[in-house]
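Please read it alongside the sequence and the coordinates.

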Amino acid sequence: MCRVCEGFSIEDVTVLGATRIAEHGYGIQGVIGPGGDEDGAGSWTYTVGLLDAVGHPELIVAGLLPMDGSSLLSLLAGSVLEGERYRIGDTIDLGEFVADVGAVHDIQYGLDTFSTWYRMKDAGVFGADELEAVQIKLPMEYFGAKSTQPVLSRPEARVDVSV
């Protein structure tokens, strides 16, 4: 459940997030899409703080429930803090499958896609000037017959709907 849904104020959530970033070098924000689909459709998860901590673009995965997206991004963010770099066009061998690293279209930065990142920046949690992110794209077979993963390099793509 989200902290605001539990009664925390936005300010409280920001302080908690800032504490996590200070302790771990990054935080993770998960968003359940409209309707809270059980299969993750319309949901997305992204890191907050990697750009400031180690100069690495934030990571975003779409089409997964936040619990699943958080597990994946925690693994990848940990490796980033240890020196790994994920660049557009790279592939990541995750054992059971291979993920691709894709671009995130500029339009995403003007939408609510990364609202927690902007809230943290506005609160002075970190000093990165401009947001930069890469999408961790999972193979279609990961999703089964129904693809729920928007490709965020497309200007028409939205995280809360599959495009």
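**Notes on the fold**

1. Along the sequence, the predicted model runs α-β-β-α-β-α-β-β-α-α-β-α. That amounts to six helices and six strands, where helices (H or I, at least four residues) and strands (E, at least two) are DSSP runs, numbered from the N terminus.

2. Residues are numbered from 1 along each chain as its sequence is written. The model is predicted, with local features needing pLDDT of at least 70 and side-chain atom pairs counting only at pLDDT 80 or more, while totals for chains, interfaces and linings use all residues, and side-chain values use heavy atoms, with hydrogens and water left out.

3. Strand β4 (residues 91-93) and strand β5 (residues 98-103) pair in the antiparallel sense over three bridges; pairing requires that DSSP finds at least two bridges between two strands. In this pair, T91 stands opposite D100 in β5. The two strands, β4 and β5, form a hairpin with four residues between them. Within that turn, G95 has a positive phi of about 85 degrees.

4. Strand β5 also pairs with strand β6 (residues 133-137), in the antiparallel sense over four bridges. Here A103 stands opposite V134 in β6.

5. Among contacts (heavy atoms within 4.5 Å) between residues at least 6 apart in sequence, 55% join residues at least 24 apart.
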